[in-house]
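Q: I am new to this structure and would like to understand the words used to describe it. Could you take me through some of them?

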Amino acid sequence: MFSSKALFKMALLMVVLYSCGTSQPARRNVLSGTRPSTGQKPANPNSSEQTVFTKPEQITKQPSKTEERQKLNTAVERRQEPVSGNASAPDANATYRTPAYYKYITDSIQRTSAKPSYYKSTENLFKQMAVVPNPQNPAINSQWYTTVNFDARKPNFVILHHTAQNSAEQTLFTFSIARTSVSAHFVIGRDGTAYQLLNEYMRAWHAGKSKWGAITDMNSCSLGIEIDNNGNEPFTEPQIQSLLKLLTYLKNKFGIPQANFIGHADIAPGRKDDPSSYFPWKRLATAGFGYWYDSTNLQQPPADFNALLALRVIGYDISNPANAIKSFKLHFVQTDTTPVLTDYDKKILYNVYLNYQ
Ligand SMILES: [Zn+2]
């Protein structure tokens, strides 16, 4: 038998143990959905592709109870929107890494974590944007006034990619999980199906370390479109038709200039080679997306023509000239991507460059 004092001590010990075991779980990173570091390697080796947000210091005004209720109802409504393709058991042919396999697990991930995480992230971002700046910011000795004239920043570039994967389903899976730390606004399947993964005003993680002109944060000013293609095959006709439709919509919606439809390889020479030389840049340029050269009127460049500076004027990062030439040739020459400009290549370059003067 235990004395009442011993029983009291045991009860106290149990309470302490229980409270330790039920301590609050670590807070999740609102953007990646991952838990904060617990000693393991960060998911994204290129931390510049992510933006770390700090806790909002001050919200414009505290919402009333009615507003809170409305907000909750809206959130509930959004969560009840239909999930594209209900997760059903994969068919008999759905072996590991087939499109059916990826569709099955992606639909399940979308329903259980990706969509809830998306809504949570957007809500947190909206809160960040509503933070009132420090009324007297000591760093710049400022005073706080408000303007009534503003809206959201808009994308001004479209960056095209090929997925280098084997199916759109595989890419959708890649973008649905936090540990990959990559995303794009749109994916276009081989059958022409377009998938949207992110509101166009949000910043996707598709460009990585890149540079175009003097811009070094391409993710902040661009939309990313991933085209389902393994890199060694032509793009399909339904895919290109679907892409042209999407580009028309985006160009009109955001007023994106013709020059600003470019490829991942253009903004990351030496690091990226997508989209591949199969990509129909000429057809896109004819439709008003990006530039092409006039093959019927290729003139000899003037004697003082500086090819490297012309590449720089177009936008290429020429810190490694050979890589800049390879990226230019992947886009505009396509028949060879050696890091040397032939006389014919220089004529093409001069002709393209004239569009940028
Ligand atoms: Zn890419």
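Q: Why is histidine 264 called buried?
A: Happy to start there, with a reminder that this is a predicted model. Buried means under 20% relative accessible area. Histidine 264 has 4% relative accessibility, so histidine 264 counts as buried.

Q: Why does histidine 161 count as buried?
A: The cut-off is again under 20%. Histidine 161 comes in at 1% relative accessibility, so histidine 161 counts as buried.

Q: What makes His161, His264 and Asp274 donor residues of the zinc ion?
A: A donor is an N, O or S atom within 2.8 Å of the metal. Here the atoms are ND1 of His161, ND1 of His264 and OD of Asp274, at 2.1 to 2.2 Å, so they meet that definition. Along the sequence, the spacing of the donor residues is H-x102-H-x9-D. The histidine pair links distant parts of the chain: histidine 161 lies in strand E1 and histidine 264 in helix H7, 103 residues apart.

Q: How do you know that helix H4 is mostly covered?
A: Eight of the nine residues of helix H4 (residues 168–176) are buried. Among them are Leu172, Phe173 and Phe175. What covers the buried residues of H4 includes helix H3 and strands E2, E3 and E4.

Q: Why is lysine 346 called partly exposed?
A: Partly exposed lies between the buried limit of 20% and the exposed limit of 50%. Lysine 346 has a relative accessible area of 31%, so lysine 346 is partly exposed. This lysine 346 is found in helix H11. Leaving aside neighbours within four places in sequence, lysine 346 is in contact with Pro301, Phe305 and Leu341.

Terms used
Residues numbered from 1 in each chain as written. Predicted model: local features only at pLDDT ≥ 70, side-chain atom pairs only at ≥ 80, totals over all residues. Heavy atoms only, no water. Donors = N, O, S within 2.8 Å, 3.2 Å for Na, K, Ca; no water. Helix = DSSP H or I, 4+ residues; strand = E, 2+ residues; numbered from the N terminus. Buried < 20%, exposed > 50% of the residue type's maximum accessible area, 1.4 Å probe, protein only. Contact = heavy atoms within 4.5 Å.
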